[in-house]
Amino acid sequence: MKKKYPFFILMILVLSIALYGCGGNRKEKDSEKAPANDVSSKAPINGGKIVVGISQDLDSLDPHKAVAAGTKEVLFNLFEGLVKPDQNGDLVPAVAKSYDISEDGKVYTFPLRENVKFHNGAPVTADDVIYSIKRSAGLLETADPAVVVESALTNVSEVNKLDETTVEVVLKEGDTELLGYLTSAIIPKDYKDQNTAPVGTGPFKFVSYTPLESLVVEKNEDYYVAGKPYLDQVTFKIVPNPDSAVLDLLAGSLDIFPYLTETQAAQLSQQFNIAEGHMNLVQALFLNNNAKPFTDVKVRQALNHAIDRQGILDMVAGGKGSVIGSNMFPGFSKYYNEATAGTYTYDVKKAKDLLAEAGYPEGFTFTIKVPSNYKFHVDTTQVIVEQLKQAGITAKIEQIEWASWLSDVYVGRNYEATVIGLDAKLAPRDVLERYKSDAGNNFLNYSSPQFDQTLDKAVKTTKDEEKITFYKELQSILAEDAAAVYIQDPALLVAVNKKLDGYTFYPVFALDMASVYYTE
């Protein structure tokens, strides 16, 4: 009898994570339908147009070059991978109609769904799939340096066409978490204009893009899911000023706007339905571990004692959200190390004592760079500044544009501290591997041989119980090292026009407009 192979299906939205426990070849049978996203019993009306406000401009129309979560949540409507997440956090077939994983976790086999077309009318072929995976894995003979190579996909050794409708992915080492990375977009092999006129397989197709203004998409009439989408057209309007977004909502020029503060939600509650979910991300005061005085662990620990996390939730989120203590949010419940939330108590005296031991008895001054288009992060930063004063620490706020944050902080690492939220793919390693010493996205400049070694063990093991132990240990290491001041997994508040229904929360950043519709 074959032994079942551990494989997870994430369940984040309901704050749980489902794993396939011990068992042999993993197979997912085709349900011949995409995830059902409707969340209302009201009868949907087909047709209509809406305007959705988003907080930042898109950093790329090419899905393999996009970096920002705010871009990916919009492109979710245009592109799909071999699999895609549904609203429960399950990874379900998309361009693939099923999948099979070998016992050793080294071979993934994907029969492709029949009659899937790209937005330009061309059928999706095995060659397109192979091209897309190799592009995301950095395996093309001529690589585009602008493509963001998925580190997990560097484990891919071969991508083979078994026949015209079946693709095989062969790995160098067994990996039970790879499926979470195969949500990467499938795009046409020979299409050269993804940067300006993107083409995917999603429920909506590209119409136009005006930088700093809007992205317009329309219904994909050839979408393989019957009845989806309902809307004829969606305009994603870029509104970097959150106060302007509220005015636009009240004026009727926006139908949906996510990432409201508690105050804004209360202001809009009479005119709009306020949908509430979880962001499923890590909000923190991230520290540049290479910038003095944050090179000293005692200084970083002092900041952790000087900040009242629950006080922040109460001030900026009306008490909503979940206090966290490491770079993991409660939605990954099976891997989540709940104990880390209690690593640092709010203790101003302890903070001052640690500062004195580190040689800063009178405190110090530093600057927090925060993207101005995210009011939630700005508000959080303002509370942090006031709290730190009690420990003799002076923090200055520098609000910068999102593009500047990406170039100066994320890429250039030219900063002392920043407040931002980090998302993740549906794989626990994706939440943590940015802290690996040589990770390209390790903008904190964190370095720990112990962390690196433990992460390597977590990724390589195929035993469920060992993965859980290693991932929890990694969170403890980050907490004890005070790599950052981890604050919360914030609540997500969304204003929705009362004429609309079907708005759906996902365990990843996704503004899924295929599920939204007008009601009778």
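In strand S25, Tyr518 is the bridge partner of Ile45. This pairing belongs to a predicted model.

S4 and S25 are part of an open sheet of 3 strands. The order is S4-S25-S24, and the pairing is antiparallel. Which strands lie at the edges? They are S4 (44-45) and S24 (500-501), and each pairs on one side only.

## Confidence in the model

The protein chain has a mean pLDDT of 89. Of its residues, 92% reach 70 or more. Where does pLDDT stay under 50? That happens over residues 1-39. For this stretch the model has 139 contacts beyond four places in sequence.

## Strand S14 and its partners

Strand S14 spans residues 233-238. Strand S5 (residues 49-54) pairs with S14 in the parallel sense, over 6 bridges. Here Ile54 stands opposite Ile238.

Strand S13 (residues 214-219) also pairs with S14, but these two run antiparallel. They are joined by 5 bridges. Glu218 stands opposite Gln233 of S14.

Another open sheet has 6 strands, in the order S18-S22-S17-S21-S19-S20. Its pairing is mixed. The edge strands are S18 (322-323) and S20 (394-400), each pairing on one side only. S18 meets strand S22 (residues 484-489) in the antiparallel sense, over 2 bridges. In this pair, Ser322 stands opposite Asp489 of S22.

Which strands does helix H5 touch? Helix H5 (residues 297-306) packs on the sheet and touches S17 (282-287), S19 (365-371) and S22. The direction of H5 makes about 30 degrees with that of S22.

## Helices H11 and H12

Helix H11 covers residues 449-460, and helix H12 covers residues 464-481. They pack at an angle of about 160 degrees, with their axes 9 Å apart. Because of that angle, H11 is roughly antiparallel to H12. Their crossing is left-handed.

Which residues make the contact? H11 supplies Gln450, Phe451, Thr454, Leu455, Lys457, Ala458 and Val459. H12 supplies Lys467, Phe470, Tyr471, Glu473, Leu474, Ile477 and Leu478. These residues divide into 9 nonpolar, 2 polar and 3 charged.

## Helices H6 and H8

Helix H6 (residues 309-317) and helix H8 (residues 375-389) have axes that come within 10 Å. The axes cross at roughly 135 degrees. So H6 is oblique to H8. The crossing of H6 and H8 is right-handed.

On the H6 side, the residues that meet H8 are Gly311, Ile312, Met315, Val316 and Ala317. On the H8 side they are Phe376, Asp379, Thr380, Val383, Ile384 and Gln387. This contact divides into 7 nonpolar, 3 polar and 1 charged residue.

## Lys172 in its loop

Where is Lys172? Lys172 sits in the loop between strand S11 (166-171) and strand S12 (204-210). Leaving aside neighbours within four places in sequence, Lys172 is in contact with Lys106, Thr154, Asn155, Val156 and Ser157.

How far apart are Lys172 and Lys350? In sequence they are 178 residues apart. In space they are 48 Å apart, C-alpha to C-alpha.

Note on methods:
Residues numbered from 1 in each chain as written. Predicted model: local features only at pLDDT ≥ 70, side-chain atom pairs only at ≥ 80, totals over all residues. Heavy atoms only, no water. Axes fitted to C-alpha atoms, helices over the stretch in contact; angles between N-to-C directions. Helix = DSSP H or I, 4+ residues; strand = E, 2+ residues; numbered from the N terminus. Parallel < 35°, antiparallel > 145°, perpendicular 65-115°, else oblique. Left-handed = near helix turned anticlockwise from the far one by under 90°. Contact = heavy atoms within 4.5 Å. Nonpolar A, V, L, I, M, F, W, Y, C, P; charged D, E, K, R; others polar. Pairing = 2+ DSSP bridges. pLDDT = per-residue confidence, 0-100.
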